[in-house]
Amino acid sequence: MSEKITLQEKAYRELIRRIVAGEIKMGNALREEVLAEALGLSATPMREALRRLEREGWVEMIPYRGCFLRKFDEKNIRELFFLRIALETEVVGAAAVALPEDVCLRLHELLRLEAAEIEAGELANDPMLYNEDVDFHARIAEALKLPRVGATLLVLQKQTMAFGCSLNLSPMSKEQKLNFHREHKLILQAIEQHRVQLARELVRLHLESACERFLVSDLES
């Protein structure tokens with residue numbers, strides 16, 4: 001049975017898609033009436049979608065000016081990764097204690113597909129392997145049955161994706177992508193071996209490395 005979603009959810013998902021794809025740039029105005037017309041919706045669901053984006057930190061409402069997609073500076077980037085590190089190290093630590101075996105098997109399959117796509121060059125236009133990274137971390141949080149944590153992580157991860165698109169990060173080399181993939185494998189290995197502190201440290205280093213790449217790109221742009 002297909003998933004039924006509200007008009008507000010439809011508007012929200014489409015806005016997120018456009019932001020993450022780089023179709024809406026940082027600092028751009030989001031005109032309620034223009035967006036609603038483009039999606040064939042009334043103003044009300046679009047207004048609610050924009051309010052949700054504001055609550056999640058995607059946009060800012062400026063009095064007498066309107067709604068704008070938030071610009072990320074160095075302070076914002078560091079805060080974004082600070083939050084991700086704080087949450088994701090806790091999640092992976094909990095996973096190292098009690099992640100079900102069937103979830104580990106699914107994660108292995110995900111990583112196998114990730115490696116195959118890298119070897120085939122199918123991720124050439126995806127500079128940070130965003131979708132695979134989101135899927136890998138999201139599945140861990142989902143398996144632990146922490147819905148609010150998972151939802152928060154998803155927002156933070158998508159904001160990372162959107163910011164990466166806004167910077168037009170240069171494509172990673174094949175070796176860089178394989179290194180990214182190896183980090184995922186090491187994290188999963190630590191989880192399976194129930195090495196809590198090692199798993200937490202590997203995630204911290206993984207995210208700190210990503211943060212540094214964003215900061216370097218931001219300074220060069």
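**Reading the labels on a predicted fold**

Guide: Start at His181, which touches Leu111, Glu114, Ala115 and Ile118, leaving aside residues up to four places away in sequence. The model is predicted.

Visitor: Why is His181 called buried?

Guide: Buried means under 20% relative accessible area. His181 has 7%, so the label applies. The residue sits in helix H8, residues 174-192.

Visitor: Move to His194. Why is it called exposed?

Guide: Exposed means over 50%. His194 is at 52%, so it passes. Its place is the loop between H8 and helix H9 (196-220).

Visitor: What makes the phi of His194 worth a remark?

Guide: The value is positive, about 60°, although His194 is not a glycine.

Visitor: How do you know that the span of H3 is close to the expected one?

Guide: The expected span is 1.5 Å times one less than the number of residues. H3 covers residues 43-55, which is 13 residues. The expected value is 18 Å, and the helix reaches 18 Å from its first C-alpha to its last. After H3 comes Gly57, with a positive phi near 90°.

Visitor: Which residues of H3 are buried?

Guide: Pro45, Met46, Ala49, Leu50 and Leu53.

Visitor: How do you know that they lie on the same side of H3?

Guide: They cover an arc of only 140° around the axis, so they share one side of the helix. These buried residues pack against helix H1 (7-20), helix H2 (32-39), E1 and E2.

Visitor: Why is the pair Arg52 and Glu9 called a salt bridge?

Guide: The limit is a side-chain nitrogen of Lys or Arg within 4 Å of a carboxyl oxygen of Asp or Glu. In this pair the closest N and O atoms are 2.7 Å apart, so it qualifies. Arg52 lies in H3 and Glu9 in H1, so the pair ties together parts that are 43 residues apart in sequence.

Visitor: Are the two partners, Arg52 and Glu9, buried or partly exposed?

Guide: One of each. Glu9 has 17%, under the 20% limit, so it is buried. Arg52 has 21%, which falls between 20% and 50%, so it is partly exposed.

Visitor: What makes Glu48 and Arg51 a salt bridge?

Guide: The N to O distance is 2.9 Å, within the 4 Å limit, so the pair counts. Both residues lie in H3, 3 residues apart, about one turn of the helix. Glu48 is partly exposed at 32%. Arg51 is partly exposed at 39%.

Visitor: What makes Glu9, Arg13, Arg52 and Glu56 one network?

Guide: Shared partners: salt bridges that have them join these four. The structure holds 16 salt bridges.

Visitor: Which members of the largest nonpolar core touch the most other members?

Guide: Leu15, Leu30, Leu53, Trp58 and Leu99, out of 59 residues. Leu30 touches Leu15, Ile24, Leu35, Leu50, Val59, Cys67, Phe68 and Leu69, not counting residues up to four places away in sequence.

Methods
Residues numbered from 1 in each chain as written. Predicted model: local features only at pLDDT ≥ 70, side-chain atom pairs only at ≥ 80, totals over all residues. Heavy atoms only, no water. Helix = DSSP H or I, 4+ residues; strand = E, 2+ residues; numbered from the N terminus. Buried < 20%, exposed > 50% of the residue type's maximum accessible area, 1.4 Å probe, protein only. Arc of directions from axis to C-beta. Contact = heavy atoms within 4.5 Å. Core = buried A, V, L, I, M, F, W, Y, C linked by side-chain atoms within 4.5 Å.
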